Amino acid sequence: MKIKLLLVFGFVVSALFATPNFEENTKKTSLTVETNYDCNYSQCQATAKSTGKQCKHCVSKDGDLYCWQHKK
Ligand SMILES: [Zn+2]
């Protein structure tokens with residue numbers, strides 16, 4: 001019984017410690033995307049096949065999600 005309680009306690013503690021890190025990471029990621037590229041509208045949401053990272057092209061119209069290369 002004691003061992004079970006310890007396991008639950010350990011899980012709760014690690015969950016508490018893991019959550020702020022995760023939030024910080026996602027904040028950093030979105031900040032980088034926002035500040036790195038100077039687009040009139042927004043940056044292409046597609047993933048570039050060559051780099052595996054987000055496409056660096058800008059969209060040509062307001063409300064578009066993809067650049068001319070990734071539009072289907
Ligand atoms: Zn693109």
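Is C58 buried, exposed or partly exposed, and why? A few notes on this predicted model follow, starting there.

1. C58 is partly exposed, because 16 other C-beta atoms lie within 10 Å, and a residue needs 20 or more to count as buried.

2. **A cysteine partner to look at.** C39 sits 19 residues away from C58 along the chain, yet 5.6 Å separates the C-alpha atoms of C58 and C39.

3. **Overall make-up.** You will find one helix and zero strands in the chain. Burial is counted for 6% of the 72 residues. As for contacts between residues at least 6 apart in sequence, 5% of them join residues at least 24 apart.

4. **Confidence.** The chain has a mean pLDDT of 78, with 69% of its residues at 70 or more. Please take care with residues 31–35, where pLDDT stays under 50. For that stretch the model has two contacts beyond four places in sequence. Where pLDDT is low, predicted coordinates should not be read in detail.

Terms used:
Residues numbered from 1 in each chain as written. Predicted model: local features only at pLDDT ≥ 70, side-chain atom pairs only at ≥ 80, totals over all residues. Helix = DSSP H or I, 4+ residues; strand = E, 2+ residues; numbered from the N terminus. Buried ≥ 20, exposed ≤ 12 C-beta atoms within 10 Å, placed from the backbone. Contact = placed C-beta atoms within 7 Å. pLDDT = per-residue confidence, 0-100.
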